[in-house]
Amino acid sequence: MKNKTVITGFGLKLPKIQNVEQFEKVLRNGTNTQSIVTGIGPKKESMVCGIIEDELEEAKEKKLRGYPRAALLGIAATKEAVEQARIASPKARVAVIMGTSTASLPEVEQGSYLYRNNQYNKISAFNAGMTNIHSLSSGIANYFGMGDGNLVFTLTNGCASGSDAIFLGKTLLENGIVDICIVGAAETPICDSAIASFAKQRAIKFNANIGETGNPFSKNSNSFVISEGAAVIVLETEQHADQESKTKYGYITGAAANNDGVNIHQMDEDGERLYQTLDQAVGSKIISYTNSLALGLNLQDANEARNHLKKLGTPTPITSIKGMIGHAFAVSGVVQLISSLLSLRDQFIPATTNSDFIGYEHLNIVKETTFCDVQNIAITSHGYGGNNNTIVVSKVG
């Protein structure tokens with residue numbers, strides 16, 4: 001019999017959100033955490049984005065000198081998750097698995113700029129590590145003393161990377177390979193190359209006001225809000241959690257992943273492969289609602305609506321939290337899972353905000369915070385390269 005996977009801790013660091021309890025208030029109140037940053041566009045335009053403006057405390061730690069920003073964000077989120085999970089067993093077998101799309105991208109840009117502008121002497125001696133994406137996971141593992149002899153992986157599977165880390169962690173736990181998995185994601189996408197790429201695709205708007213871009217489930221929207229941040233959860237086998245008398249905040253009762261198998265610059269336009277993950281992860285479970293990846297891009301949101309109706313039917317509610325916090329690439333799936341854990345804990349469904357819902361009148365979208373019985377939640381995710389993922393988190397295993 002395979003081990004059950006439970007969640008014993010979770011933490012995050014997001015724009016205008018320092019910890020999980022602040023995040024819970026944002027979800028309950030439907031608070032928008034986005035900002036307008038001036039002069040950031042290719043023609044010095046302003047852009048709505050989710051940016052962490054406060055200086056990171058981790059940046060002041062001497063032993064973290066030369067760590068990329070993504071690793072510092074990941075460490076900040078992991079501190080909260082590890083403290084909640086009370087990880088103390090020196091004999092536990094551990095895996096640290098973090099996902100990302102853009103970690104170290106700002107550091108690569110900075111090093112290249114200095115080198116090409118005859119400022120080689122200003123390049124840090126730590127540059128090789130700062131620009132290595134694996135510094136994200138290895139930095140977390142070694143900071144918390146979990147790297148010695150354990151498994152440490154960094155996944156770069158696009159926006160699905162965080163959810164894929166959860167999928168891989170569950171697989172390792174249920175097959176008895178490890179006892180504890182630290183899984184999550186960190187992103188630092190507010191940099192020139194990322195902004196330029198999405199500007200070329202016309203997927204982001206410039207000189208817009210907050211609320212005029214990144215509108216989930218609206219045919220009037222075809223743009224998203226770029227956001228940075230980090231989110232981490234602690235997974236354990238139920239047996240290990242029981243041995244150490246841990247609080248169990250939820251169970252991962254379903255997980256499925258696949259790839260579209262089309263061109264790297266395209267996606268499965270029918271959303272059929274994503275539907276397959278939803279169908280496989282959900283199975284015959286009664287789903288309280290879907291926590292959707294919908295972010296304001298027409299094709300993705302339309303596929304989300306179609307798949308939800310096909311598998312779960314019109315009565316089942318669906319929501320997206322992207323209108324509040326924007327889209328933090330690989331972090332998004334992990335943040336959706338943490339919001340779902342808060343849903344299970346406090347028995348409410350967060351509202352979809354920042355949308356006029358035009359074109360989605362047929363969908364049972366949650367438009368106001370709703371307090372009700374919540375038992376099983378489907379969390380959908382997909383990303384660049386065609387990776388698709390659905391996780392089901394439940395109150396009871």
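Two notes on method. Residues are numbered from 1 along each chain as its sequence is written, and side-chain values use heavy atoms, with hydrogens and water left out. Because the model is predicted, local features need pLDDT of at least 70 and side-chain atom pairs count only at pLDDT 80 or more, while totals for chains, interfaces and linings use all residues.

I start with the rings. Searching the whole structure gives eight aromatic pairs, where rings of Phe, Tyr and Trp (its six-membered ring) pair if their centres lie within 6.5 Å. Take phenylalanine 224 and phenylalanine 329: the ring centres are 6.0 Å apart and the planes are at 80°, so this pair is edge-to-face; planes over 60 degrees apart count as edge-to-face, under 30 as stacked and the rest as tilted. The two residues are 105 residues apart and the pair links distant parts of the chain. Phenylalanine 224 sits in the loop between helix H7 (192-200) and strand E7 (226-227), and phenylalanine 329 in the loop between helix H11 (322-325) and helix H12 (331-346). Helices (H or I, at least four residues) and strands (E, at least two) are DSSP runs, numbered from the N terminus.

Buried means under 20%, exposed over 50%, and partly exposed in between, with a 1.4 Å probe and protein chains only.

Next, the helices. Helix H1 (residues 20-29) packs on H12 at about 80°, with the axes 10 Å apart. The axes are lines fitted to C-alpha atoms over the stretch in contact, and angles run from 0 to 180 degrees between N-to-C directions. H1 is therefore roughly perpendicular to H12, the word used for 65 to 115 degrees, with under 35 roughly parallel, over 145 roughly antiparallel and the rest oblique. On the H1 side, the residues in contact (heavy atoms within 4.5 Å) are Val20, Glu21, Phe23, Glu24, Leu27 and Arg28. They meet Val335, Ile338, Ser339, Leu342, Arg345 and Asp346 in H12.

Last, threonine 370, in strand E13 (residues 370-371). Threonine 370 is partly exposed, at 31% relative accessible area. Which residues does threonine 370 touch, not counting those up to four places away in sequence? They are Gln347, Phe348 and Ile349. Isoleucine 349 is 21 residues from threonine 370 in sequence, and 5.1 Å away in space, C-alpha to C-alpha.
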